[in-house]
Each structure stands twice: as C-alpha cells, then as structure tokens.
Amino acid sequence: MLEMVQDRSSSFTFFLNDRPVEVRGVPGTTTLLRFLRDHLRLTGTKEGCAEGDCGACSVALLEPGPDGKGRYRSVDACLVFLPMVAGRHVLTVEGLRDAAEARRSPEAGFHPVQQAMVEHRGSQCGYCTPGVVLSLFELCYRDDVQGSDLRRIDEQLAGNLCRCTGYRPIRDAAVAVAGLRPSDAFRLRADEARFEPPILSYAYTPVSDPPALPGQLYVQPGSIEALWQALEEHPSARIVAGGTDVALEVTKKKTFPRVLIGLEALSVLGRITRLEAGFEVGATVRITDLQDQVGPVLPGLEKMLRVFGSRQVRNRATVGGNLCNASPVGDLAPALLALDATVVAASASGSREIPLREFFPAYRKTALREGEILAAVRFSDPPDGAFFTSYKVAKRREMDISSVAAGMMLHLDAEGRVQLIRLAYGGVAATPVRAFGAEAALLGRPWTEDSVRDALRVLERDLHPISDVRGSASFRSRLASNLLFGFYAESLGPDRDRLADRPTGTVLPPSTPPV
Ligand SMILES: Cc1cc2nc3c(=O)[nH]c(=O)nc-3n(C[C@H](O)[C@H](O)[C@H](O)COP(=O)(O)OP(=O)(O)OC[C@H]3O[C@@H](n4cnc5c(N)ncnc54)[C@H](O)[C@@H]3O)c2cc1C
Ligand code: FES
Ligand code: FES
C-alpha cells in the first residue's frame, strides 16, 4: 500500500536533555545551534565558526546502532537542521550534570567526562570546553575504544579546536574516560531507546507582514513510495541527507530553499550489505559507519575515511551526499573509482546502474536524471593479491579539504606484469578522474621503476588541474606524479619507504608508530 507523506504540520517535537521541546514558528533550515542559543537561550553550546570546523557547538545525538540499541554520536549543531532531530534525543552540556547531586553540593554531580576535564586541567578560557566535553561524552560510551587506543582518541578529538590549553591535558582526560561506559542513566537511556523513523512534513509559515522570510516546507518521507510522491509533488525540492554541505549553503551563502526533502527517515537507504565478494552501501550510510563496517575489510579505504573531516562531520556526512555534491575534491570518489564502483540511481520508474567513472559528466554535475536519487553504491573486493590504497594530501592532516586525493589498485600476474591497474584522482580536473592514459601505458608491462617513469610522462596528459588557494596547477600535477611513484614504492613492500600515515595528529605522542 502506498504510504502517504504525513499531513503537513506546523510543529514537531524532539527531546533535549531528557525533556520534550516543541519546535514551531521557525524555518526547517534553522540549525540546532541557532535554536539552542537564540530560542532556548541555552548558551552552553558555543558558536565558533558556524561551519563545522571548530567543534565548539558539539552536542550528542542518540542514534540507532547496527544492533538496534542506541549510541551517542557527537555532531556539530551548526550543521544540523532542526527537523533532522525530530523525535530524537539531543544532549547538550547543560544536561550532563546530575541535577539532584548538584543541588546537594556545588562540587557534586558532574559527569565523569566533566570531572576528567577538571582533574586533568583540560580547560583554560573555557570557550571550546563544552564542545570538547560532548566529544568526550561520545568517547566515554563508545564500545570500540579503550584509553590505550591513542589513534582513535586522536580521531575523536580532531574536530575540536582549542586555542589555549594545549591538547595534552585534553588527551589525558580523554584517555581517562575512553570506553568507560558507566552504568548510569545515559547508558540506560541508550540501551533502552526505541527508534521510530522521524516521518515529517513540517511547514513554516511566516507571521510577520511583510514576511522577513518566505514560507518553507521540510518533508522527511518514511518510505521510498512516499519519497517518490514527495519528489513528484515538489520536483525542484532540495534533497538533503546528512546536510553537512547543504547546511553551509543556508548559513554561509544565505540561500533559502523553499522545499527540502530529507532522507533522514529512510532506513532502507542506510544499510551496508555484504555481498558475496563486495559491498552494497546505501546512500545515507554515514562515513563513520562506512569506516567501522567496511574499513576492516578494505584498509585502503579506511585510511582515507580516517582523515575525512572530523568525527562530528563523519557522524553526519553520508556516502550519497559526498558523491552527489560532485565536488572535484570529494574524498570518496577517488577511492571508489579505484574500486571501479557502480552507483544505483533510483526513481519512481525503477532503478539503473551507472559506473562511477561515468557519474560525473562535468564540474559539479552528476549523471542523475530529474526525479532520480542516488540509492546505493556497489563495489567488489579487490582481487586476491591485489594492492589497493588511497592517499589524501592537504595542507594539514586533519580537518582539511584535499589538494589532491588518489585511489589506486594494482594486480600483477604470475610473471610480475600489470594485469589490472586503476589510478583515480581528485583535485586534478573539474571532476574526479581516472588516469586512463597512464593506466594503458602500464597495462601488460612489468611493474618496474622504468615502466612507472614512462607512465608518469603520460599521466600529465590525463590531468587538467587548475590553480586555486589550495595549490597551483603545477603543484597539483607534481603531487599526482609523486603519489603514483609513492604507490609504486609502497607496492614493493614494507622494506621500502612507505607513504605511511605518520602520526602528526592532534594528540598523538611522537613515538606512536605509523600504521
Ligand atoms: C567541516 C567540514 C569538513 C568536511 N570535510 C570533508 C572531507 O574531508 N572530505 C570530503 O570529501 N568532504 C568533506 N566535507 C564535505 C561534506 O561533509 C561531504 O561531502 C559529505 O559526505 C556530504 O554528505 P551529506 O550527507 O552531509 O550531504 P548533504 O549536504 O545532505 O547533500 C550534499 C548534496 O548531495 C545531494 N544529495 C545528498 N544525498 C543524495 C542522494 N542520495 N541522492 C541525490 N542527491 C543527494 C544534496 O541535494 C546536496 O546537493 C566536509 C564538510 C564540512 C562542513
Ligand atoms: S560552530 Fe564551529 S563547528 Fe559548529
Ligand atoms: S580552553 Fe580556551 S579555546 Fe580551549
């Protein structure tokens, strides 16, 4: 039976620090950060950059985990539109302290992560501290990190900028609470949480005359049929998945989409399926889940995901959003091109597969037709004995956009000749590209330094980099060549200098070995 899009409503509810909050009379594109600070006057959550870069606005969102139980995820409130949290539990720094204990004594009732920050002197001016505390809150309830796991602690904190304390005390606090999972009310709430898809059709109607803003409709269909219906009714609606790109268009470029269709409630698009020899990854799978579930099988992909934005960004950003924004410097495309991935485009009239290498016809354009969405991405495991990896070169290791990114796959035959080679790049043309010329120059040849040097001469003709703030065209060309040469060196094994992912992270001590 066709599920209809829910009747329009002018309000919805979410839970904030365990209390219901009704949202009414604000556009759906209002960010959670603005609502907390301007409407609820909860100013513990800070605003630093308002674009996902500093983590000062971090809050914790209770989300369904793969086992059906709830798990806390730290997210940047400046990147979250309010309807995305409809029906969900949000925790801010004001909600962490035990109120009854606090009444008993000004010293009592602090959450272990707050206590750890005090004991390890992790705060000075305090501006970043609520955000750090909420990042540590996620870390505290994670079941995949221990205090000894400095690399993961580093990843957890990379999205929280602190200008005064220095990261060692913050790291010490993180080490003290990582994976602690206390048996407290927060843990109980997560374990017992039941998740209903937040189906919504939220209409904002301006009240002032003349209106400061036009009306707006934010639809979150709960089934694929309802999605097609919404798209038919609103063909020019803006699709929004994790919203990490779309939010910036609203907050920074001041665009005001009249109709948005959110994919938040479509759990059918959020699954990762292990195929016989590969994966199907739903469009709304978050980067964190891709990292956790596919990363162990494909370390060459995980290496890229680890430096994708920050933990807060990865907790919201989706696979489909990363491909559909068609950015020439998006980080997934080069890795997925090297895996020869296929995207599944779906619409009311059915679905079709498009090889990813044909998905980006021009700058910021995709091969999706009107009425189509990206439903999933499919890729096969690398052949036995193949070498697959990825590289990201940016001005800093974490929280930066790639100057050049690459995904590469090599498979040699029994004689050491190149049987399969895929060289994919981002940041060297108007779209992510495969270097077909260089690949052809290598195919069938022995995998030697001479062959690679010959291919490097061809590679230049495959690429059309431009100069911009992240690097000149010649710098990008040089990077692309060096990455291929580094791939060659790395493919020879651990004895050669590897293009290793050395620890230059925020909180890792210099003695940490490369992975
Ligand atoms: C602070 C910060 C750091 C970042 N760091 C990185 C980084 O390191 N590497 C990187 O590659 N990117 C990065 N990004 C960009 C962004 O986070 C990613 O591109 C992300 O994957 C986008 O996914 P989303 O779900 O948030 O997209 P959204 O903002 O929801 O959507 C992006 C675009 O795709 C469309 N869309 C989304 N899903 C679908 C679908 N299923 N079908 C059709 N159209 C769809 C939307 O209409 C929109 O045009 C960063 C962004 C921020 C704010
Ligand atoms: S205010 Fe900086 S990440 Fe949100
Ligand atoms: S304590 Fe001042 S910015 Fe971190």
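In this predicted model, a polar backbone atom of Gly-309 lies 2.8 Å from an oxygen atom of ligand 1. The protein buries 92% of the 970 Å² that ligand 1 exposes when taken alone.

**Backbone contacts of ligand 1**

- An oxygen atom of ligand 1 is also found 2.9 Å from a backbone N or O atom of Asp-245.
- At Leu-374, a polar backbone atom is 2.9 Å from a nitrogen atom of ligand 1.

**Shell around ligand 1**

- The shell around ligand 1 comprises 34 residues, of which Arg-238, Ile-239, Ala-241, Thr-244 and Thr-318 come nearest.
- By residue class, the shell consists of 16 nonpolar, eleven polar and seven charged residues.
- At least two shell residues come from each of strand E8 (238–240), helix H9 (246–251), helix H13 (319–324) and strand E14 (373–380).
- Helix H13 makes the greatest contribution to the shell, with four residues.

**Packing of helices H3 and H6**

- The crossing of H3 and H6 is right-handed.

Conventions. Residues are numbered from 1 along each chain as its sequence is written. Chains are lettered from A and ligands numbered from 1 in the order in which they are written. This is a predicted model: local features need pLDDT of at least 70, side-chain atom pairs count only at pLDDT 80 or more; totals for chains, interfaces and linings use all residues. Side-chain values use heavy atoms; hydrogens and water are left out. A residue is near a molecule or strand if one of its heavy atoms lies within 4 Å of it. A polar contact is a pair of N or O atoms within 3.5 Å; within protein, one must be able to donate a hydrogen and the other to accept it, and residues adjacent in sequence count only if both atoms are side-chain atoms. Accessible areas come from the Shrake-Rupley method with a 1.4 Å probe; for residues, only the protein chains shown count as cover. Ala, Val, Leu, Ile, Met, Phe, Trp, Tyr, Cys and Pro count as nonpolar, Asp, Glu, Lys and Arg as charged, and the others, Gly among them, as polar. A crossing is left-handed if the near helix is turned anticlockwise from the far one by less than a right angle, and right-handed if clockwise.
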